[in-house]
Number of protein chains: 2
Amino acid sequence: MVGDLELSLGYVLKQVHAALRTAMDEALRPLDLTVPQYACLELLGQHPGLSNSELARRAFVTRQSMNLVLRRLQERGLLTRPDESPHGRALPTQLTQDGLTTLRKASIAVRTAEKQLFSPLSQEQQRRIREDLATCVPSSVTD
Amino acid sequence: MVGDLELSLGYVLKQVHAALRTAMDEALRPLDLTVPQYACLELLGQHPGLSNSELARRAFVTRQSMNLVLRRLQERGLLTRPDESPHGRALPTQLTQDGLTTLRKASIAVRTAEKQLFSPLSQEQQRRIREDLATCVPSSVTD
DNA sequence: CAGCGTATGTCAGACTACTGACATGGAGCA
DNA sequence: TGCTCCATGTCAGTAGTCTGACATACGCTG
């Protein structure tokens, strides 16, 4: 009993997260992409050569789940993985030209949806929330 | 390409949400409760007599999913549903004494975990974030 | 050099949540 | 009254994610 659920930061966080998820789903549907798939592309766009495990950590899913995501995207020709590992067992992943093109479209769609969701807030408010919330994230994820 | 993912409010939101989810899972495990089950109990604690569909909406899952949650909790004797509907088809749900007891323990555990997660933020910062984020939530959910 | 611990990729099984569908009960209206 | 529309509860099938497990590859250390 938190008194009132609306007064719980956790509950409000969940509300906004759910709304964001729905908005992203709708924005990505025309591109035939799921949210995890988009997350994978976006991560690879900013950090080319990331391994399956690294992608999984940053997308907040397990290695096994990300593995399936990678396979689907590879079958669609959006990314490539080497057959042999250059070092250790990690297989560095790269976006293809098609992958980059799809990412650009998806990124615009998602950013538009996100922008609309947070439109009630000023840029200053958004910046403040982002910075404040970032301090709550364990640094192990940020590196 | 958002420039930098860390600068995307959506990504930070997802990070914090994932951290909260993990913290809640760990806090609830000793009580043998999942997050959706806890959400169900908490909602019933604050709004006794809520129907399956109402619970589903407020917990951000489908009616079908919430239906399974209710059954499990009913089998465990934490809540009761009437065999016949007093009005329409909606079956108003009530917590049992055991349900209330469990809810109290769970609520404390969750609140403690939540408190720790947001400990880097002052009360004033938490209040501000909560109010700001609340303005982004479609009012249809809040009613 | 051999052994241990750790990290990665992958396979298999179980579980959870979702989509689609159907029947039932009420409210609103011609 | 009879009809439509909507909300609810529930059943079945599907897809996604997780846990558990195993083999492999590297770094460290005695």
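**Close-ups of a predicted protein–DNA model**

**View 1. Residues around DNA strand C.** In this predicted model, 18 residues surround DNA strand C, and the closest are S51(A), N52(A), S53(A), V61(B) and S65(B). Here "near" means that a residue's C-beta atom, placed from the backbone, lies within 6 Å of the molecule or strand. α3 (52–59) and α4 (63–75) of chain A, plus α4 (63–75) of chain B, each supply at least two residues of this surface. (Helices are DSSP runs of H or I, at least four residues, numbered from the N terminus.) Sorted by class, the surface near DNA strand C has four nonpolar, ten polar and four charged residues. Ala, Val, Leu, Ile, Met, Phe, Trp, Tyr, Cys and Pro count as nonpolar, Asp, Glu, Lys and Arg as charged, and the others, Gly among them, as polar.

**View 2. Residues around DNA strand D.** Two or more residues each come from α4 of chain A and from α3 (52–59) and α4 of chain B. The class tally for the surface near DNA strand D is five nonpolar, ten polar and four charged residues.

**View 3. Where chain A meets chain B.** 37 residues of chain A are in contact with 37 residues of chain B (C-beta atoms, placed from the backbone, within 7 Å). On the chain A side, α1 (9–28), α2 (35–46), α5 (97–117) and α6 (123–134) give two or more residues. α1(A) gives the most, with eleven residues. That side has 22 nonpolar, nine polar and six charged residues.

**Notes.** Residues are numbered from 1 along each chain as its sequence is written, and chains are lettered from A and ligands numbered from 1 in the order in which they are written. Local features need pLDDT of at least 70 and side-chain atom pairs count only at pLDDT 80 or more, while totals for chains, interfaces and linings use all residues.

Terms used: Contact = placed C-beta atoms within 7 Å.
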